[in-house]
Structures are given as C-alpha cells and as structure tokens.
Amino acid sequence: MGIINVTPDSFSGDGVVDADAAVARAWKFVEDGADIVDVGGESTRPGSQPVPADEEMRRVLPVIEKLRAQNFPLPISVDTYKPQVARLALEAGACILNDIFGLRQPGMLELVAEIKPTVVIMHMQGTPQTMQINPTYTDCVSEIADFLRQRAEEAMAVGLPKDRIIVDPGIGFGKTVEHNLEILRRLREIKALGFPVLIGTSRKSFIGKVLGIDVPAERVWGTAATVALAIANGADIVRVHDVREMVQVARMTDAILGRKL
C-alpha cells in the first residue's frame with residue numbers, strides 16, 4: 001500500500017498539496033509495483049490538529065476523482081475517520097476505508113453498514129493530539145488484540161462481511177518504542193484474530209529513535225527491516241512511503257518464506 005499524503009504537514013516530509021502532483025505519485029506507485037494506494041488529507045502525526053471535514057474533502061476528492069477518470073488500475077483507499085469524508089470518497093471511487101479511530105466516530109458504523117466497503121480497523125490509544133503523552137498498557141499486544149476483535153465484531157454485527165475487514169495494530173499511535181517493537185515481535189497474536197493484518201511502520205519515529213536518525217526520509221533501511229519481519233510474522237499488507245524499495249523487500253521475504261510470487 002503506497003501512501004499519498006495530500007497535506008502540507010506530513011511527518012514524513014512527502015506531503016503534496018496539489019491534486020495533479022498526488023495523481024502523478026499514484027501512477028508512479030503503479031510503476032514501482034504497489035498493489036493499493038492510500039490517499040489521506042489530514043496529518044495524524046503526534047500532536048497534529050484536526051482538519052475540518054470540508055478542507056479534507058477539498059484535498060482528497062479531486063485526487064480520487066482524477067484517478068478514477070484516468071482508469072486507475074489499483075484499488076484506492078481513503079485514510080479518514082470522518083463519516084462525511086468517507087462517504088464522498090467512497091462514492092468518488094475509493095473502495096477501502098482506512099480508519100485510524102477504528103470505526104468509533106459517530107455515524108461511521110452506520111455508513112459501513114450501508115456501503116459495505118473494505119475497512120481497515122486500526123488501534124489507537126488516545127487521539128493524535130494526546131496519543132504520545134505517556135502511553136501505558138498492562139500487556140499492549142493483548143489489549144490491542146482485544147480492541148481489534150471487539151471493533152471487528154461490532155462491524156460484523158451491523159452487516160459488514162468478515163472478508164471485508166482488515167486489522168491494524170496502529171504502530172506509533174499511542175505506543176512507546178518498546179511497545180512498537182513488541183507488537184512486531186508478537187504480530188502472530190494479532191494475526192490469530194483471523195483477519196488480514198496491515199502494518200504501517202514506514203519512516204516512523206521509533207525507527208529513528210532506535211537508529212539515531214532524525215530525518216524521516218533517511219529511515220528507509222530501518223523501515224525495510226520492519227517490513228521484512230512484519231511479513232515473516234504474518235502481515236498481509238504493508239503501508240509504505242518508499243514503494244519501489246519495499247516491493248523488493250516484500251518479494252524477497254515472500255520468496256524466503258516459500259510463498260508464490
């Protein structure tokens with residue numbers, strides 16, 4: 001899954017504010033070997049402030065509409081937690097809803113029940129404004145798994161088919177460095193829930209802290225290690241900025257694991 005941040009304040013330094021530039025990046029991701037593109041219009045880095053729904057729509061809808069008008073060959077995911085943005089993005093041509101709030105915003109479960117898109121249910125402790133202020137767990141992986149199971153069950157209870165649910169433990173969203181490392185070590189416990197698992201480690205600060213690298217764009221090799229280990233431990237989708245490089249990492253990891261290429 002290639003990341004397209006249509007924002008001026010992306011933590012990773014790769015945000016674009018022009019729809020045509022975002023569309024060009026999506027086509028570059030096709031060339032680089034991506035399977036999905038994920039379009040988002042609000043930065044959710046630690047401490048970020050919410051973007052009004054109308055501004056988020058102004059950022060993402062033209063990108064999705066242009067891609068669909070150009071017969072874009074890959075599934076388009078919309079990265080939003082706002083039901084009104086999700087509705088219009090799905091109507092414009094997105095087919096995946098990637099929700100950092102795990103379908104907890106008022107109206108989102110009802111929307112999912114009506115439209116029945118594929119959804120990514122992510123775990124986050126707190127909000128982007130508060131999540132990195134002393135995140136605390138008794139057993140982080142067990143608590144994350146319990147949350148994801150509960151939210152998936154609620155989605156299925158309103159009529160969303162099980163095969164349209166993907167779970168994401170939320171690397172970096174209300175977790176310390178050690179929490180993130182433990183999630184990757186114990187990822188099979190998340191996989192045991194019975195849903196495809198998405199992992200988003202790309203360029204994140206825990207990699208920078210482990211390696212002593214302050215510039216997110218320079219964390220490609222650290223990201224590669226997390227991608228390989230995540231796939232080996234059961235990840236089905238990896239959400240990344242550096243698509244060309246991580247496609248190579250994923251294909252090589254699959255080859256070692258004996259998976260059909």
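A crossing of two helices is called left-handed if the near helix is turned anticlockwise from the far one by less than a right angle, and right-handed if clockwise. By that rule, helices α5 and α6 cross in a right-handed way. The model looked at here is predicted, so local features need pLDDT of at least 70 and side-chain atom pairs count only at pLDDT 80 or more, while totals for chains, interfaces and linings use all residues. Residues are numbered from 1 along each chain as its sequence is written, and side-chain values use heavy atoms, with hydrogens and water left out.

Back to that first pair. Helices (H or I, at least four residues) and strands (E, at least two) are DSSP runs, numbered from the N terminus. Two packed helices are described by the angle between their axes and the distance between the axes. Axes here are lines fitted to C-alpha atoms, for helices over the stretch in contact, and the angles run from 0 to 180 degrees between N-to-C directions. Helix α5 (residues 140-157) packs on helix α6 (residues 177-185) at about 70°, and their axes are 9 Å apart. That makes α5 roughly perpendicular to α6; angles under 35 degrees count as roughly parallel, over 145 as roughly antiparallel, 65 to 115 as roughly perpendicular and the rest as oblique. On the α5 side, C140, V141 and I144 meet H179, E182 and I183 of α6, where contact means heavy atoms within 4.5 Å. Sorted by class, this contact has 4 nonpolar, 1 polar and 1 charged residues. Ala, Val, Leu, Ile, Met, Phe, Trp, Tyr, Cys and Pro count as nonpolar, Asp, Glu, Lys and Arg as charged, and the others, Gly among them, as polar.

Next come α2 and α3. Helix α2 (residues 53-69) packs with α3 at about 10°, with the axes 9 Å apart. This makes α2 roughly parallel to α3. From α2, A53, E56, M57, V60, L61, I64, E65 and R68 meet Q84, V85, L88, A89 and A92 of α3. The residues of this contact split into 9 nonpolar, 1 polar and 3 charged.

K82 sits in the loop between β3 (76-79) and α3 (83-92). It is buried (under 20% relative accessible area, with exposed over 50% and partly exposed in between, for a 1.4 Å probe and protein chains only), at a relative accessible area of 10%. Leaving out residues up to four places away in sequence, K82 touches E42, V51, P52, A53, E56 and M108. With E42 there is a side-chain to side-chain polar contact at 2.4 Å. A polar contact is a pair of N or O atoms within 3.5 Å; within protein, one must be able to donate a hydrogen and the other to accept it, and residues adjacent in sequence count only if both atoms are side-chain atoms.

M108 also belongs to helix α4 (residues 108-115), where M108, L109, L111, V112 and A113 are buried. The buried residues of α4 pack against α3, β4 (96-99), β5 (118-122) and α5. Just after α4, K116 takes a positive phi of about 60°.

Finally, T223 lies in helix α9 and is buried, at 0% relative accessibility. Its side chain reaches the backbone oxygen of R219 at 2.9 Å. A235 is in the loop between α9 (220-232) and β8 (237-238), and A235 is buried too, with a relative accessible area of 6%. A235 and V197 are 38 residues apart in sequence, yet 5.0 Å apart in space, C-alpha to C-alpha.
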